[in-house]
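Thanks for coming. Please have the view open while I talk.

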Amino acid sequence: MFQRLLPALTVLLYALGYPLGALTLGHVTPFLLILLRFLISAVLMWTVVAVRRTPLPRGRLLAWTVAGGLLVQGVQFLGLYWGMAHGVGPGVAALVIAMNPVTTAVLARLVLGRRENSWGLVALALGMVGVVAACLPRLLADPSVGPGLITVLIALGGLSGGSLLQERKLRAVDPFVFTAIGVTVSVLPAAALALAVPQHLTDPVPAVALLLLLVLASAAGMVCYAACVRSRGARGASILFALIPAVSVIAAWGLQGAPLDLTTAVGLTCGALACAAQSRSTRPTPGTAGRGGRSGRGGTGRAATVPERVR
């Protein structure tokens with residue numbers, strides 16, 4: 001039952017992060033916010049790991065987990081917040097990050113040799129229409145694209161690349177452990193950025209309340225997304241971003257009173273159709289090695305045999 005609800009829960013929690021983040025940024029400077037977010041998330045995630053007594057990766061598996069977690073957490077969110085602090089509007093940032101299905105498909109083609117079948121291409125096309133439709137009003141209202149756009153593109157690459165790494169080499173790692181390690185290793189670069197520029201916190205009570213809500217939603221959302229990557233693969237999980245922008249607009253309407261329009265409905269419809277098309281799509285096949293050619297190394301098999309040990 002939970003596996004059936006997992007995609008919807010992932011979309012909802014991830015989408016809540018955008019309006020909650022916008023509200024929190026009204027009280028906290030960006031790099032102080034991301035540092036506090038990583039710190040609180042690390043405490044929360046390690047508490048869950050300790051209570052569940054989840055095995056931890058060791059050896060090379062631990063090294064790959066650190067690399068994947070740093071890409072998905074540190075590179076994505078530090079790049080995103082840096083860009084927003086240097087002139088990139090939230091509409092542009094949301095649109096760039098929502099291109100995750102396309103960049104994941106491209107990286108999978110270049111790195112893993114996977115090719116999209118017809119249903120996969122339909123899903124990508126519908127997803128991009130849904131993303132643009134949901135983001136278009138915000139883009140028109142806030143068309144600023146500052147020098148930070150490069151870091152937002154890097155953030156997108158971190159999310160897509162880290163997800164592919166998780167699928168290829170980290171199927172044996174629990175999503176809670178993956179998220180816990182990711183936010184922990186991201187604390188140091190976040191602290192360095194926070195110390196590099198002046199930071200401030202205004203209205204501590206609402207700021208702390210919003211920060212806690214943001215941390216809970218984002219941490220749970222990233223765990224759910226990691227679980228989706230683990231069960232569906234990076235490409236299958238990435239198509240959820242076709243729905244996230246439209247759901248984020250609806251969440252912003254509920255939390256901030258932001259207006260709804262026809263494009264949101266179009267975005268929701270196209271995003272839902274994209275997810276339906278993705279469900280019809282078989283797992284993309286490698287270009288030359290065949291379906292079973294890479295599975296022994298953790299490439300396209302569901303639960304690749306991992307030589308590293310966990311304890």
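Let me start with glutamine 166, which is buried because its relative accessibility is 3%; buried means under 20% relative accessible area, exposed over 50%, and partly exposed in between, with a 1.4 Å probe and protein chains only. Before going on, the ground rules: this is a predicted model, where local features need pLDDT of at least 70, side-chain atom pairs count only at pLDDT 80 or more, and totals for chains, interfaces and linings use all residues. Residues are numbered from 1 along each chain as its sequence is written, and side-chain values use heavy atoms, with hydrogens and water left out.

Glutamine 166 belongs to helix H7, residues 149-169. Helices here are DSSP runs of H or I with at least four residues, strands are E runs of at least two, and both are numbered from the N terminus. Which residues does glutamine 166 touch, not counting those up to four places away in sequence? They are Arg171, Phe178, Ala226, Val229 and Arg230, where contact means heavy atoms within 4.5 Å.

Next, the cores. A nonpolar core is a set of buried Ala, Val, Leu, Ile, Met, Phe, Trp, Tyr and Cys residues joined through side-chain atoms within 4.5 Å. The largest one has 72 residues, and Ile34, Phe38 and Tyr81 have the most contacts inside it. H10 is the element that gives the most to this core, at 17 residues. Another core lies apart from it and has six residues, including Ala94, Leu95, Ala98 and Val131.

Back to tyrosine 81 for a moment. Leaving aside its neighbours within four places in sequence, tyrosine 81 is in contact with Leu25, Pro30, Phe31, Leu33, Ile34, Arg37 and Leu214.

Rings of Phe, Tyr and Trp (for Trp, its six-membered ring) pair if their centres lie within 6.5 Å; planes under 30 degrees apart count as stacked, over 60 as edge-to-face, and the rest as tilted. How many aromatic pairs does this rule give? The count is four. One of them joins phenylalanine 31 and tryptophan 82 in a tilted arrangement, with 5.5 Å centre to centre and 35° between the planes. Phenylalanine 31 sits in helix H2 (residues 30-52) and tryptophan 82 in helix H3 (residues 59-85), so this pair ties together parts that are 51 residues apart in sequence. As for burial, phenylalanine 31 is buried, with a relative accessible area of 4%, while tryptophan 82 counts as partly exposed at 31%.

A further pair is tyrosine 225 with phenylalanine 241, edge-to-face, at 5.6 Å centre to centre and 85° between the planes. Tyrosine 225 is in H10 and phenylalanine 241 is in the loop between H10 and helix H11 (244-256), so parts 16 residues apart in sequence are tied together. Both tyrosine 225 and phenylalanine 241 are buried. Ring pairs also bring in Tyr14, giving a cluster of Tyr14, Tyr225 and Phe241.

Helix H5 (residues 100-112) and helix H10 (residues 204-238) pack at about 75°, and their axes are 9 Å apart. The axes are lines fitted to C-alpha atoms, for helices over the stretch in contact, and angles run from 0 to 180 degrees between N-to-C directions. H5 and H10 are therefore roughly perpendicular; that label covers 65 to 115 degrees, with under 35 roughly parallel, over 145 roughly antiparallel, and the rest oblique. On the H5 side the contact uses Asn100, Pro101, Thr104 and Ala105, and on the H10 side Tyr225, Ala234, Arg235 and Ser238.

Last, two backbone items to check in your own viewer. Arginine 53, in the loop between H2 and H3, has a positive phi of about 55° although it is not a glycine. Arginine 53 counts as exposed, at 75% relative accessibility. Aspartate 203 lies in the loop between H9 and H10, and its phi is near 50°, also a positive value in a residue other than glycine. Aspartate 203 counts as partly exposed, at 47% relative accessibility.
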